[in-house]
Amino acid sequence: MENYIEDIKLRFDVKDIVSRRDNLSFITCEKEKTIALITHMKNNLGFTHFVLLTAVDWIEDGLFQLTYILNNPNAKIDIAVRTMISRENSEMESAHKLWQQVATYQRELREMFGINFPDSPGVTDNFILEGWDDIPPYRRDFDTKKYAEETYFPRPGRETNDPAEYMKKKLS
Amino acid sequence: MDIVIRLLYVFLGLFIVLNWGLLMSAIMRKIGARVAGRYGIPYYQPWIDLIKLYSLRDSITHGVMFYLGPVFRVSGGVGIFLFMPLIFGSSYFSNFSFAGDLVLIMYFQFFGMLGMALGAGEGGHPYSAIGISRGLSQFTTIEVPMTLAVISIAVQYHTLSISEIVAAQQGGIMNWTLFTNPFATAAAMLSLLGAFGHSPFNLVKAPNEIPIGPPTEYHSAFLGVLRTNAAILHVIEAVLFMNLFFGGAGNWFELIIKSFFIYFWSVFVGVVFPRFRIEQSVQWFLKIPLLFGVIAIIIFM
Amino acid sequence: MKEQKNIFNWQPDRSKYPKVKENGELDIDLTSEKFIKLWQGPNHPGVTGNMAIELTVSGDEVVHAKTHVGYLHRGFEKLMERRLWIQCFPTCIRMCVAEPDYNEYLLAKSAEELSGIEVPEMAEWLRTLVLEMARLQSLLRTVPGQAGTLSLGVGVQWGVYLRDLVLDLFEELTGGRVYHMYILPGGVRGLLPDGFKKRMEDVLKKIEEFIVNIENLMFKNIVFKKRTIGVGYIDPAWVDQFGIVGPNARAAGFKRDVRKDYPYLKYNELDFDVTYETDSDIFARSVVRKKELILTLDLIRQIMAKMPEKGDFKAQTPNVLHWKIPAGETYVRSESSRGEYGFYTVSDGSTMPRRINLRGPSYTHAVSLLEKMLINANLADVHSIMVSLQTCPPEIER
Amino acid sequence: MINENNNSENLNKFLHKENEIRNVETPDGSIIQVDPLNDYFCTDRPEVKEPKNKVIEKFLNWARAESLWVLGFGTGCGSIEIPPLVTPRFDAYRFGVQMRPTPRQSNVFIISGYLAVKTLKRVIRTYEQMQGPKYVLALGSCTINGGMYWDSYNTINRLDHYIPVDVYVAGCMPRPEALLAGFNKLKERIKDGRAEGANEYAEKFDWYKSNQKKIVKDWNMPDYNW
C-alpha cells in the first residue's frame, strides 16, 4: 500500500491521505489532474478494476466531492481518489475512455446531481428519471418530503413520530 | 333425411371431441404440474376459462382479418374433423370420410395455420409476426417427414382413404402400422412432437422470448374461439395418428385411451426438454425424422 | 467462438452489418423495413424484474440494444440522508429484494468501521451464516432459472420450493420471510433457536438431492447444451474493461472472490476453494453457479460445525436515537451471489448519514455489458444471456 | 419549440419535438398532416358497460371469479413472492389463478408494491389495454399510503388515485398466504358484483386522468416502426 501511495505522491500533488484500512486509502487530488492520476493508476500501477464513481454534496462549502474508487485485483488493495468541484457550473472531465461502464455512472451523476460530463457518450439520455423538471434530486437542497407531499396524495391519518420524543414520553 | 341424421351425429361427435379435448388439456396440465410437485389446475378449469373468455365485456379489433383469423383457424380444425373417421365400423361416426380424405386432411392442417397467420399479422404486434414466421417455417419442415410417412403408408396399403387404412390394420395388434411399417411410424411420431408445439418445439409461443406468439393480441371471445379450436384440434390430430398408425378405434373408449397416449407422448417429451432455436428445430426435423421417412419410402417402393 | 463445423451450424456474418456511419453511429434506418424495433419489458415474462431492453432486430439478429432502467427507482440514497442511522437499516434492505441481508451487513459494517465498534465473535459467526443462507436461497432460484428461460420450468418449480424451505429457516431465526432485519450495528438480534441445526441439516439434504436432479435435468440435457454452449461469450479481456465481477468473471477464468481475496467476517477460518470455469459462455456460468451452490452447502455445514454454541451476540452501542457517527468515509464490500456488492458510506458526524452509495454488480452487467453482448445475438438467446448475467434491476437504480 | 395549435398550454412545456404537428409522406407518395398528440394517442374515452341480465350476470361473475388470469408484470419488490405463489408450496393454480404474459388476455393486475412514476405510466397503459371486467390487486403498504417510501420523490403514495383498486393486501412484504387470502377476497367481491373497477374508471375518467397527468409529465410513446 505504502509504495503505491509514495509513487502517486512523487508524480502528483495529492493531499488529505487517509488510510481507512490496510487495504483502503483515500487521497484527494485537484480537479484538473484527477483523470491523469487515475489513468496513471490504471496503466502503471495495476488498478485495473473500476469499483465505483459517485458524488457527495457538500452544500455548506459549495462543493461536490467526486469519488473514484479503484481496485488492484493482484495486490488486493483499493485507493479512492477524491476530487472537489464547485457546485455552480459543476463540470468534470469524462473518464469513459478508461472503462466502459464509467459512461453509465456519468449518466447517472448528470441526472441525479446535475454534474455535467462533456463528451461522455449518451450522457444526456434519461437514465432513471423520466420527465423530471425539478432540480436534480440527489442535491441536498432538494427537499424530497416537501416534493412528495405536494405532488402525490398523502393518505390522511398518517402520524409521524419522532422516535426520540416518543421514547421520552414512554419512559416518563 | 339421411343427411340430417348424419349431421346430428357429426355435431354429437364434435361435442364429445370438444369436451374430451378440454378435459385432456386439463389432465395434461395436471400431469405437468405433478412433475413439478404441484396439484395443478382443477379438472373443470378449461370450461370455466372458456365461459369467462366468451363473457368478457370489452373487445377491440384491429381490422377484418383480425376477425377472420380465428374463423379460419376454426374452419381448419373443424374441417379436419369433418373428414376424419372417428370410430371404425360405425357409419355414423365416420363423418364425411371419403376415398381421398387423407390428402384433404393434410391440406387442412396448413389451412388453419395460414388463416391464423393472416389474422395475427393484422394484430400488428411484432411478437405475432415473429411467431408466425417461426411457426410457418417450422411447420413446413414438419410436413416433410410427415408427408413421407403418409406416402409410405399410402404405398403400403394402396389407398388414400383413412377408413381403408384403418380397415387394413384390423385383426390383432401385430397388424398395426406401428409394427408393419415402423419407420413411417417413427418419422410421423417425431414430427408429431413439432405439430403439438410442446417444448422442445414450442418456439411459436415461446413464453420467455415472444410471449405468446401469434395470439398475443387476441383476447376475450377471439381467444375463446382459438381455445375451443385448440381443444378440437389436439384430439383430432391424435385421432389422425391413431387411425394411421395405431389401428384406429372400435369404440369411443378406445379412441379416448389411444388419443390420450398419443397426446401424452408430446407432453412426456416436452416436460424435460428446453426449447430449440428455430434453426436448430428445422435442422432436427431435416435429420433423423427425414431419414426415417426416406427409409420408409424406400422399403415400400 | 467455436469453429464453424458444418453447413448446419452456418451463421450469417453480421460483423459488417449494419453499416457504420462516419461518425461511429450505426446506420439503422427504421423506415427501410429491414429493422424492427422491439421493446422487451418492462412487462415481459423473460426479463429479470422490472426493466426493459430496447432491441433493434434484423430478422432474428439483434443489431442494437439499449437497456432502460429506472422503473424501480425509489431514491434510497436520498431517503437515507434524512433518516437516523438506525432508521436506515429497515430502509436499506429493500434495495435488493433477492438478497436483502447483504445490505444489512454492509451498512452495519460501515457504521461499525466508522465508529470503531468491535463485534463479538458469536455475532460474526451468525452473520456469516445468514449471508450464506441468503446466497443459498438466491442460487436456488437462479441456477434452475437459467433453464427456465428456455422454458424448462420444472427445475424452477423444484428450486423455488426448496427456497421456501430456506425461507422458513430464515423465518425461524429472524421472524421475517423475505426481509429479515437480523443484522444490527454491533451484532445481531438473537441466537439460533433450539434444534435449528438439525432442521438446517434436513433442508441441506433435500437440496443435495435437488442438485443431483438438476444435474440430470439441465447439465446433461442435450438441448440445454445446444442452446447454451458457445452462446453469450464474454471475452476475458472484457472483465477489467467492463468491471465484470462475481460468477461472470469466474466463468471467464478469473479466480476473483471477495470472500477469498478480502476475507470478511469468518471466511478466513473456513476452508474453501474459489470455483471457476474457463469457457465463459452461458453454460460455463451455469456450471459456476451450480458449483457455488454446492460450495454454499459445504460452507453452511462448516459454519454450523465451527460455530460456538453460546456467546455474546451484540456489542454495546450508544443510544441509537442520538447516535452520532464520527465523520469519515469508507468502502466495504462483500461477495453476493451476483458478485462484488459494496457500500460507500460518508458520514459528516451528525445523526444521519451524509451519503450512502451502493455498488451493485448489476450496474455494470446489465447496462454497459449487456448492451455490448446482445449485439449480433439471436433474438431467442436474449433472455438466456440476460439471466446468465443474473441482473437485478433494483440495485441498478436503487 | 412550442406548438401554438395545441389547446392545453400546460402540456406544451413538455412537448417533445416528435410530438409537434408535422407533414409526413405516406408510402404511396402523398403528403398528410399528422398531429401526434391526437392521432397517435387514443382519444376515445372508455365506456361504462353495465351488466344486462342479473341472473346471467351472477353466473358469469362466478365464472370470472373462478378463472383469474393474472398479468405477469412484476412492478415492484412484491413480485419476488409471485414465484412461490405458483410453485409447489402455495400453488395458486388450484384456485383458478393463472399467469398470462400479455395484458390483452389477463383480467387481474397485481400491483406488487411501490410504483415509481416511470412504472406508473406503463401501469396505466397496461391497465387500459386490459379487457374488462378487470380487477386490480394492490400488494404491500406502499400502495396504500406510500409505506416505507412515503417521503420519496419518485414513488406514488395512494394507488387508488390513479387506477381503481379492488383489494389491498397489506404488509411489507405480504406473504404468499396473504396474497391467497387477497385472491379469496377478490373472488367474493366479484361474485357479489362489487368489483366494477373498469366501470368506475370509465365514470371517473377525468378525475383519474387529471391525477395521472399531474405526475406523469412525459406521455411520449417509445419509438416503434410497426
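User: Which residues of helix H2 of chain A are buried?

Analyst: In helix H2 (residues 34–44) of chain A, the buried residues are Thr34(A), Leu37(A), Ile38(A) and Met41(A). They lie on the same side of H2(A), because they cover an arc of only 90° around the axis, the arc being that of the directions from the helix axis to the C-beta atoms. A residue is buried if 20 or more other C-beta atoms lie within 10 Å of its own, exposed if 12 or fewer, and partly exposed in between, with C-beta atoms placed from the backbone. Helices (H or I, at least four residues) and strands (E, at least two) are DSSP runs, numbered from the N terminus.

User: Is this an experimental or a predicted model, and how is everything numbered?

Analyst: This is a predicted model, in which local features need pLDDT of at least 70 and side-chain atom pairs count only at pLDDT 80 or more, while totals for chains, interfaces and linings use all residues. Residues are numbered from 1 along each chain as its sequence is written, and chains are lettered from A and ligands numbered from 1 in the order in which they are written.

User: Back to H2(A): what do its buried residues pack against?

Analyst: The buried residues of H2(A) pack against helix H1 (2–11) and against strands E2 (24–29), E4 (63–72) and E5 (77–86), which belong to chain A. That packing rests on contacts, and two residues are in contact if their C-beta atoms, placed from the backbone, lie within 7 Å.

User: And which exposed residues are on the face turned away?

Analyst: The face turned away from the buried side of H2(A) carries Asn43(A) and Asn44(A). After the helix comes Gly46(A), whose phi is positive, near 80°.

User: How many helices and strands does chain A have?

Analyst: Chain A has five helices and five strands, and along the sequence they follow the pattern α-β-β-α-β-β-β-α-α-α. Of its 172 residues, 38% are buried.

User: What about its dimensions?

Analyst: The C-alpha trace of chain A spans about 60 × 45 × 30 Å along its principal axes.

User: New topic: how many residues are in contact between chains C and D?

Analyst: There, 29 residues of chain C are in contact with 34 residues of chain D. On the side of chain C that touches chain D, H5(C) gives the most, with four residues.

User: And between chains D and B?

Analyst: In that pair, 19 residues of chain D are in contact with 28 residues of chain B.
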